[in-house]
Each structure stands twice: as structure tokens, then as C-alpha cells.
Amino acid sequence: MSSTEKSAVRIAVIDLSKQRVKLLEAVWPDCGFGGYEAALSVTGGLRSRPVLCVLTGPLTGTGAPGSGCYGFMWREKTRSGLAFTEGRLGPMMKFAGINHLIIHGHAETPVYLSVEGESASICDAAGLQDMDIAQMTDFLYAQSDYGDASVLAFTEKSGGVLVEDYRFEHHSAEIRDIFESMNLKAVVAGGAGSIPIGRPKEFLKECIGLYSHKPAPEKGPGRYGDGAATGFYLSPWRKADGKIEPVNITDNDESLAPKLAGLFWDEAFPLPDAASYAAKLLSCVLSEKWDAKKLETTAKRIHAKAV
Amino acid sequence: MKIISIQRDKCTGCGICQAMCAVASCGRACPSESRIRLRRQWDSETPFHDVAICRHCAEPACLTACLMDIISKNPATGHVARDTDKCFGCAACAVMCPFGAPVYDTETHKMATCDFCGGDPVCVKVCPHSAIKYEEPSEAAVSRRSRQAERFYEVEEARL
């Protein structure tokens, strides 16, 4: 992919009140960094309604360390926020061909969203009311056409916590509350698509360099789900505690730039200077010249629009 | 002849090998076309994952199945190789492979399997838990037997 070629970013805008899904295809770089600015300009027209966005970065799903990073942006009456987490949902959305989800309104009856085949659909979740999280996740996996789909769901029966793929609890009350206020029970994403990488050899070399920093052995690496140290796309250096805590972004947060790019960089990462590394990987993926300063400036601009 | 061996007690199913293999072999992030693929059994009772990769079998079923006779076994190295120029992607090899190793490349429209990245496998380099090794079969067998012996010892100790 040359730097003059443009990469399409697909945004699914879901109106739960009218049960409608609209697909927007924004061509980046015209629409700005990874389609974020296109997504945010759409939400600008929805100021009076509760809005929840699930946003992925250009590096999300590429396989680089911590590339399971994706973000939530929400806006509801008097509160708004932007938080990032890591998991499989972001990468699976991109493999399903959707970069961002913008969900607004309130469904009359409980629903879940299915993201696959470069589109999204609103599905009836009335039958899932009495299920616990394991039963609901099993059911939603069975509904998906892709064996490797990702499910983010919550049920009252299992304590009302958002859980991704059985195991990872998203400890964010705000995001869970928005799900509940919209009558949205789950998001399922799966696909066999691909993410283009502009300079794959350089990208691979950078990733191999990062992965060469092996994590210290922890007790419990074993079958996924048995206290495994990692799960699909999670950073290999993260603590193996089965919890995911979406990190709310505040002003001047140093971790904003890499997270916006799609790298969930935290203090466990073996190298400092997250923004420089994210910029280097971004240059390889996008075939554009990025440096830490450009990334941080872009991140601040997007953050200002988001909250 | 060196082979890729997976130490299942160390494998956490993180999928990093799959992600990086796809970049190395296809030039894009496309785990479904990776030459090493995780297969997960996703249910709440028995979460389980396994790894599908070409085993370079002694008597490859793919070699027999291939309609174009493009699959061969190198007598010196024992590696199963493909003359991809003549492949037209019929997937007969994938149907016959008991391990589900061959994968259809949607850009070249041909079937592909692990070729050890020319002798320097990427999956070995990126695995965070050193669960993937590129070693002689005899070395792989020795380490498997050692781990089994350790487990047997632990079980016996617990019993006593």
C-alpha cells in the first residue's frame, strides 16, 4: 500500500430507537486519524441522545504487542467520557470489516448487536433475559457465523458486570450503565477479513523486537481460562488476573496517544516512550511518516472533540 | 530435519504466533490465513485451544490428494513442499489433512502451509511463553518425555 493509496474506514451508525443501521464509508486520510474524527463528527449531530461509540485504532488487531486496544466513548445527558481497554472485541470488529460503532437511542425491547460481514445488525435479545453470562455467551457464539467471534455481554443474573468472552470482566460502571440505558445486552463481532499493513517487513521487525522482551514466568500459564497469563491479543506483559479495567482518559494523559493508535500501553510494557513506539508502528502500517509529536498532537485534538 | 513443536502446557492461546505469522506470510494482519492457527473450543465448561500447523507427515495425505501433483516430500530434509505456481486452490489437500493445516490465501488464490519461514520461524521468535520451538524431532521427543516424567512425579508425590 503506497502512501497515496487511501484506506477505507467503515463506521456503523446504529439507531436503537428506530431499529436502523447506517453504514458510512469514510476515506482516510481525508477523514483524519483512523476514522476517529469522522466518527466524532457523526456523534456531534447526536448531542441530545445517549451515545456509545466503540472505536478502534489503526493498530488495533494488527498483532503488535498490546494491539487488542479499543476504546469506548459515551455521552449521556450530563456525563461523557473516553476510556480504553484491551480485548478481542476491537480486533474482531476490524476483521468483520467495521472500524467504529456509533450506537444511539434506546431499544424498546432488549437487543444485541451482531457485527459481521462488513455490516452490523440489531438482533432480539428477549430470550437471553434469564441466562447467566456463560449461557448467554454460549448462545451468542452459536449465533455467529465465525468460530472465533468475540462477545461482550452483561446479564443481571451474573451480577451485571460486562464480561468479554467468558473470562474478562470489564470493570467500568459508566459503560455498563450506558449499555443498560440503551437496553443493549451484548455486542458480538467476528470475521475473516484482514487489516492491510503498508510495510509488513519493517512492521514485523519492530514487533519481533518488542516480543523479544519475554514476560517473567508467572504461575498459571496454561489453558486459556485457567488463570492463563494472556488471552487473544492481550498484552503478554499484563497481569494475569482475568480483569480488564477500561482506563478513563483525562487531560494530559501520556497513555492517550498510543491507546488512540490502538496499542494498550501501560506501566507493564518493557519499554518506555510509548508514543514513539506507537508512531513507529503506525508509520509501518499506514505507510505515512509519524512521530511521537505528531501522534500526541493528533491525540489531544481528538480527545478535545470526544469529551 | 527440524520441526515446529508446540509445548501445550506453556501455550496460553494468546494467538500472537497466528497474528505475526499472517503478517510474515501474507503481508497483512489476517489470522484466518495464518499458517499456524489456533482452534478454540469456546464453551464455558471446557475452554480449550489447539494449534493447527503442518506436521510434515511421514506419509502426507495432502501429497496423495493433490490433483496437480505439486506436493512433494524432500527426501533429505523430510519437509513437505509445494510448487505453488501450479496450485489453483482446489483445497483437496485441506480436505484430506487430518490436522487442518493447509490454508487458502485469498490474495494469491492458492493453498499454503507452514514453510518454516525459510528456516527462521517467526512464531518461535514472538511466542511470549517460549511454547514454540524449532528443533530436531529427537530433541522435541526428549523434552516431551521429561515433562511427562515431571508430571508423573508430581502426581505420585501428591498421592503419597
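Q: Which strands are included in what covers the buried residues of H3(A)?
A: In this predicted model, the cover includes strands S7 (111-116), S9 (150-153), S10 (162-164) and S12 (184-189) of chain A.

Q: What makes the buried residues of H3(A) line one face of the helix?
A: In H3 (residues 133-143) of chain A, the buried residues are Ile133(A), Ala134(A), Met136(A), Thr137(A), Leu140(A) and Tyr141(A). Viewed down the axis of H3(A), they fall within an arc of 160°, and therefore they line one face.

Q: How do you know that the span of H8(A) agrees with expectation?
A: Helix H8 (residues 292-306) of chain A has 15 residues, which at 1.5 Å a residue should span 21 Å; the end C-alpha atoms are 21 Å apart, so the two values agree.

Q: What puts the buried residues of H8(A) on the same side?
A: Ala292(A), Leu295(A), Thr298(A), Ala299(A), Ile302(A), His303(A) and Ala306(A) are buried. They cover an arc of only 135° around the axis, which places them on the same side of H8(A). On the other side, Lys293(A), Lys300(A) and Ala304(A) are exposed.

How values were computed
Residues numbered from 1 in each chain as written. Chains lettered and ligands numbered in written order. Predicted model: local features only at pLDDT ≥ 70, side-chain atom pairs only at ≥ 80, totals over all residues. Heavy atoms only, no water. Buried < 20%, exposed > 50% of the residue type's maximum accessible area, 1.4 Å probe, protein only. Helix = DSSP H or I, 4+ residues; strand = E, 2+ residues; numbered from the N terminus. Arc of directions from axis to C-beta. Contact = heavy atoms within 4.5 Å. Expected span 1.5 Å × (residues − 1).
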